[in-house]
Amino acid sequence: MGYILDLIKEYQMNIMLVLSSICGMLAFFVLITKTLTKRRKWIMLALELASMLLLVFDRFAYYYRGNTDVVGYWMVRISNFSVFMFTLAIPLIFTLYLIDILVSDDKYDKPPKRLRHSCYIAIIGFALLIISQFTGFYYTFDELNCYQRAAGYIISYIFPLSVLLIDLSVVIDNYKRLGRFLGLSLLLFSIIPTAAAVLQLFVYGISFANMSLVGMAMITYIMSLIDTNNMLEQASMREIEHEREERRNMKLLFEQTASALANSIDAKDKYTHGHSRRVAKYSEKIAHYAGKTDKECEEIYFAALLHDVGKIGIHDSIINKEGKLTDEEYAIIKSHPVIGKQILSSISQSPYLSIGANYHHERYDGNGYPEGLKGEDIPDLARIIAVADAYDAMTSKRSYRDPIPQQIVREELVKGIGTQFDPVYAKIMIHFIDLDSEYQMKEREDPYELEGDTSLVCSRYRSASSAGILLTNTFTHISLKTKMNDGFKEDVYIPTFIIFDSLDARVYEDENKRRDLFYLEYATIRADGVIEISEARNVKAETKNIKSAAEETKAFINGEVTIDIDAVRFKDHALIRMTDGFRSHEIILALQDSTRFAYLSITGEHCTITDVDVNKTDEEISEGFIPRIAEEISYINVPAGDIPNVQVDGWRAASSQGIKVTDGMKISFHTMSLPTARLVWHCAFAFLFTSDDGKPDGENYRELTVLRLDGEGWEEDELADNQVSVTKLDSFTNWNDWKTKNKSGLDCELTYHKEKGKVIITTEYCGLSIRSVTTYEETIPEVYTALTGDQCAITNIRIKR
């Protein structure tokens, strides 16, 4: 051992020279590399340069040791100070490197506290190093200008060792996350210099600690390159699959967007639940039977799904009017095809969408609208949609009538052949009616009924499940019968109820589907009261025995059991009451927030479920009905401005107080999209209205216009006109960045200018310059404004007049 130490001591100057040269070369390679992020590149460059300078100054310290001339005097002092400084600097830079890896690679939202403590320790070490230069606490120089250890020498090692040991603990905790090569290099960087520093205390004259630090810095860079190359290789292998996945996602996004838009159209009319979806299915079915290609069938499906999009521009009071429309109101309704064309014509890659919207009310005999086209001059897909639309209108409930019996619907289609309808497509629809002996093709009283199924057979757990039943603030009563599957003798043979949320109200087991459809499962509740929590924040359950457990078990084994459920939801809490005649259960679930939906799906294990009956009651609950078992999720618990803060959990679910509009008035506020927000229009809105008491939805309320902060605006009253102009400023980058900034929260100021019969609203918000001009009847005495939105929080509302 002594021979080896002597050999190292003899050649350590040359070893230092070689190692420092390698570090210099690595620093150059770091500078020109393009595979590292900018921040990581500068950290790695600092690490290699610090390692190079550490050995350069260590070498100078040995070289000038004992030199008593002026140059030697200063070089010995500068070199030794630099050695101590870079011995501290390298662990500090390594800590910064570790922070960058953990934060930039999405392993942590912010650096672990321990790493911040490492930085503080290093800073204290630098301070003591500077103080030691005046006190001789760490080291001194004798009359021959030779370095001598002082009493505090050991303390000088405590600081870099503490930093490395803290970093080591973080590396160990995150070793599996870091990957094999990168994790190993970080582990070695923390361990080897620590061991070398301990050895340094007992061996004088050899720079074990310094050379080990430099060696580990070199290995860290090499391992970083290996790790980066592995990542690039994996990325290359995933590239083709990513392109395929991107195409699938684009198609899925289009489907989801079209479905969401169709749902919003149907939501305007309380009597047309699911109308757009049913018309789309009927149209696709007709097209397929008529021999259309798969691509043509898909285009017809989506054109039919959005055929009524123009109704967005029709006032709710007309759409939801009880009874028949007046001639004037009917004329307004007839404008929706043109409005739909205007909305969809901007989708240039799918021109069939605007064609379906514009022409679906044309008649085969030329007496339709809006253009009065005749025969085959009407686009083919519009002739198909016209048949499907008329069929669903007749088979759906309206405010003034119940669904028309199917045989009468058939007669009406026969009468319309060659006059209202294309003969070919009308006859296909009639053929479908003849095949539909059980009248399945209609709007269902229960929109959650399993389409075409009379029972739900579950073998293994969750092998089948119903569509979701939406829980609202009015009670939903569910009744069903269940029995154990024949030949099954195990213990678990009962229904289970899944409480969840997804874009299409369906339960999914596939992880990709769950991700794509934003699936969130709160909990599962078995019919015997066993609860499994997934994403619910809390649960409280109470069970009462009506009959003995033995009687209940016997009933499940030997025959049918009827289960009754009453479910309701208010804000972020849901209440489920369930009984099978033997036991009753009351379950309270604390949901994640008030924004997401909550659906109930029926499933089970080794059982058959029949006679499912779902009824919505008129029993509406209010605040306090469901005992709170978790704190309310609120994003407005901050000081209010001139009027109370507003949290809008869904589309215009809440609004601020009404504010009388005056010329020159300014309204400033802070707005933030909620964590669940994912669309551009999940932002704050301002709207103009008039009412007798100045309150939104007050007496004689009339809404004049709505202006969203993404620049979209529209008039809500037939006697008002709104024109919105939007300019993208230099600060605007893209809509994804716009959504990100909205989630972070931004301040906004709206300026109102009021003239006779006109209100102008202007603002600059998140890179957009928006100007809305609303003109209205001069007979309106006062105009008010209020703030609302979709999935956003609006706070610190200030009014300046």
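Modeller: Let's start with a term: a salt bridge here is a side-chain nitrogen of Lys or Arg within 4 Å of a carboxyl oxygen of Asp or Glu. This is a predicted model, where local features need pLDDT of at least 70 and side-chain atom pairs pLDDT 80 or more, while totals for chains, interfaces and linings use all residues. Residues count from 1 along each chain as its sequence is written, and side-chain values use heavy atoms, without hydrogens or water.

Biologist: How many salt bridges does a search of the whole structure find?

Modeller: Opposite charges can pair when their charged atoms come close. The search turns up 28 salt bridges. Take Lys571 and Glu632, whose side chains meet at 3.5 Å, N to O. Lys571 sits in the loop between strands E10 and E11, Glu632 in the loop between E14 and E15, 61 residues apart (strands are DSSP runs of E, at least two residues; helices are H or I, at least four; both numbered from the N terminus).

Biologist: Is Asp422 buried or exposed?

Modeller: Buried, at 5% relative accessible area (buried is under 20%, exposed over 50%, partly exposed in between, with a 1.4 Å probe and protein chains only). Its salt-bridge partner Arg383, with closest N and O atoms 2.6 Å apart, is buried too, at 11%. By contrast, Lys571 is partly exposed at 31%, and Glu632 is partly exposed at 37%.

Biologist: Which residues are linked in a network with Asp422 and Arg383?

Modeller: Lys292 and Asp380 join them in a network of salt bridges.

Biologist: And which strands hold Asp611 and Lys481?

Modeller: Their side chains form a salt bridge at 3.7 Å, N to O, linking Asp611 in strand E14 with Lys481 in strand E5, 130 residues apart.
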